[in-house]
Amino acid sequence: MTDPIADAFQELRREYLAEAPSRLAELRTDLAAEAAGEPDAAESVRTRLHRLVGSGGSYGFPAISGIAREMEGLLATEDAVKLTAALARLEAAFDTAALEMGPPADVLQPREFGWRALVAVRSTAMRVEVSDALRGAGFLVREDTEITDAAALPPTERPDVVVLGTGPSDPDPFAATAAWTADRQRRPRAVILVEAALPVDRLRAAAAGADHVVPGERIATDIPSYVESLARLGAPPLVVLVADGATGAGSARARLEENGMDVEYCADADAAQAVLGRRVPDVIVLGADLSGAGALAVARYARQEPRTRLVPVIMLAADVSGHARGDALRAGVDDLLPLADLADDLVPTVLARGDRGRRIAELVCRDPLTGLLNAMTIRLELDHAAAYARRYHDRFALLVLDVDHFRRINERHGHRIGDRVLMHVASVLRASIRTSDLLGRHGGESFAVILRGAARDGAVVTAEKMRDGLRAQPFAARDGGVIPLHASVGVAAYGPDGTSGGDLAQAADRALHRAKQSGRNRVEAGG
């Protein structure tokens with residue numbers, strides 16, 4: 001029996017979080033206006049932050065309230081870098097709160113980022129397709145072929161993403177790109193070129209500053225994948241700092257946190273091993289004189305572990321030349337920073353390395369169509385989850401979900417619509433799990449979810465929620481048609497159904513097979 005008062009409060013909390021995209025977009029706009037010196041902008045920012053401080057606490061989101069209070073204090077310093085970093089943490093806090101709460105049981109909606117996009121494509125059909133793809137990814141879209149560069153817009157209207165056409169009626173795409181990217185302070189987060197009839201010279205596009213080029217026939221799949229990846233990269237980087245007091249760990253940690261980064265501090269190599277077993281950071285920062293096993297051992301360990309082998313490693317050292325440099329590079333260190341230059345070099349190096357490392361990881365670990373973890377990464381995470389559960393007596397569950405009769409969708413509507421259906425399924429599934437869970441594309445129309453801390457009964461509840469979510473949200477085609485969606489799900493739990501990644505994968509597959517043999521559109525559990 002549920003508590004009606006508690007249920008009503010949960011609905012109010014969900015409604016509060018549902019307004020986050022517009023709240024954040026307005027705050028971002030006012031901050032840009034304040035930085036540009038527009039009158040009354042600073043007062044508007046203060047008012048918005050003051051409201052967030054109060055409402056975040058009232059609705060039970062202390063992280064949102066705390067970051068907004070911190071931003072109130074930063075306004076007086078006029079430090080634009082710190083304010084921007086704090087805003088990124090505020091956005092991440094809203095996303096985390098929304099995904100941890102989950103949507104209402106009967107309405108599962110993909111999350112929205114509330115970012116702005118400008119579409120300057122003169123071909124009507126292509127402009128509509130681009131705009132639909134961006135709106136589907138949660139962007140606020142403006143269509144205007146007359147705006148030529150960032151300088152033509154006030155700060156309150158500048159887009160985060162600009163999409164430019166390359167057709168015969170469009171302006172010179174390379175000159176247009178250069179105009180949008182010339183001013184580093186006004187530059188959008190990304191400028192995307194869409195190929196029309198003829199291929200775009202990729203080298204010239206890169207030289208002009210374009211961030212991405214999308215073939216015209218892949219607009220519906222490539223643009224959502226790219227912009228959602230861009231949104232993921234917008235979160236503050238996670239840094240694991242492994243250093244003792246002699247390295248100036250306190251100073252390094254303070255500088256990183258002042259610039260909006262999430263820092264997990266480890267005093268020695270053993271602590272670092274434990275942390276890296278739990279979390280995959282964006283950057284690892286090491287003190288060269290680390291006691292115990294030593295900094296080079298941590299670097300080698302990071303390179304040998306499949307989950308951290310792509311993570312950039314930066315070492316802070318008194319000596320960054322000769323044999324010391326060679327030993328560090330051979331161990332897997334990417335950058336050596338002299339301690340004498342820590343104040344100038346640490347933050348920009350960590351930000352640059354972290355951003356590039358995350359982009360590489362997106363390419364290697366993500367499915368290019370749905371943006372979910374790919375099959376290889378899910379297998380690695382499954383093996384890691386089993387090893388972690390054995391060591392720390394933890395529990396978790398594996399779900400394998402197949403979209404029922406997906407082949408018929410491809411045969412009846414074509415593979416292009418089939419791809420869009422898979423993207424829609426990915427959005428619905430993503431909205432139905434917690435941020436701590438791992439969702440991947442298992443292959444074809446098959447998806448896998450690793451539910452951390454879940455026993456079999458709880459995993460079955462989540463599986464039913466995902467199945468009901470797909471049923472409640474059929475795919476709406478552009479021509480007005482609707483494609484119903486049903487799914488079969490197999491569930492396996494660590495312990496009763498196996499203690500290795502391979503055993504659990506087989507158990508979940510057997511359960512999925514039983515679900516299909518029993519008529520599909522159902523959940524089966526146990527190996």
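**The helix pair and selected residues**

Mentor: The crossing of α6 and α9 is right-handed, the near helix being turned clockwise from the far one by less than a right angle. This is a predicted model, in which local features need pLDDT of at least 70 and side-chain atom pairs count only at pLDDT 80 or more, while totals for chains, interfaces and linings use all residues. Residues are numbered from 1 along each chain as its sequence is written, and side-chain values use heavy atoms, with hydrogens and water left out.

Helices (H or I, at least four residues) and strands (E, at least two) are DSSP runs numbered from the N terminus. Helix α6 (residues 124-136) packs against helix α9 (residues 219-233) at about 40°, with the axes 8 Å apart. The pair is therefore oblique, the class left once angles under 35 degrees (roughly parallel), over 145 (roughly antiparallel) and 65 to 115 (roughly perpendicular) are set aside. Axes are lines fitted to C-alpha atoms over the stretch in contact, and angles run from 0 to 180 degrees between N-to-C directions.

On the α6 side, Met 126, Glu 129, Val 130, Ala 133 and Leu 134 meet Ile 219, Ala 220, Ile 223, Pro 224 and Val 227 of α9, contact meaning heavy atoms within 4.5 Å. By class, nine of these residues are nonpolar, none is polar and one is charged.

Turning to the serines, Ser 488 belongs to strand β16 (residues 487-493). Its relative accessible area is 0%, so Ser 488 is buried; buried means under 20%, exposed over 50% and partly exposed in between, with a 1.4 Å probe and protein chains only. Its side chain makes a polar contact of 2.7 Å with that of Asp 404. Such a contact is a pair of N or O atoms within 3.5 Å, one able to donate a hydrogen and the other to accept it; residues adjacent in sequence count only if both atoms are side-chain atoms.

Ser 518 lies in the loop between α19 (501-517) and β17 (523-525) and is partly exposed, at 42% relative accessibility. Its side chain reaches the backbone oxygen of Arg 514 at 2.7 Å.

Asn 521 lies in the loop between α19 and β17, and Asn 521 is among the residues that Ser 488 touches. Most residues other than glycine have a negative phi, yet Asn 521 has a positive phi of about 55°. His 405, in the loop between β11 (396-403) and α16 (406-413), also has a positive phi, near 55°.

Terms used. Nonpolar A, V, L, I, M, F, W, Y, C, P; charged D, E, K, R; others polar. Lists of a residue's contacts leave out its neighbours within four places in sequence.
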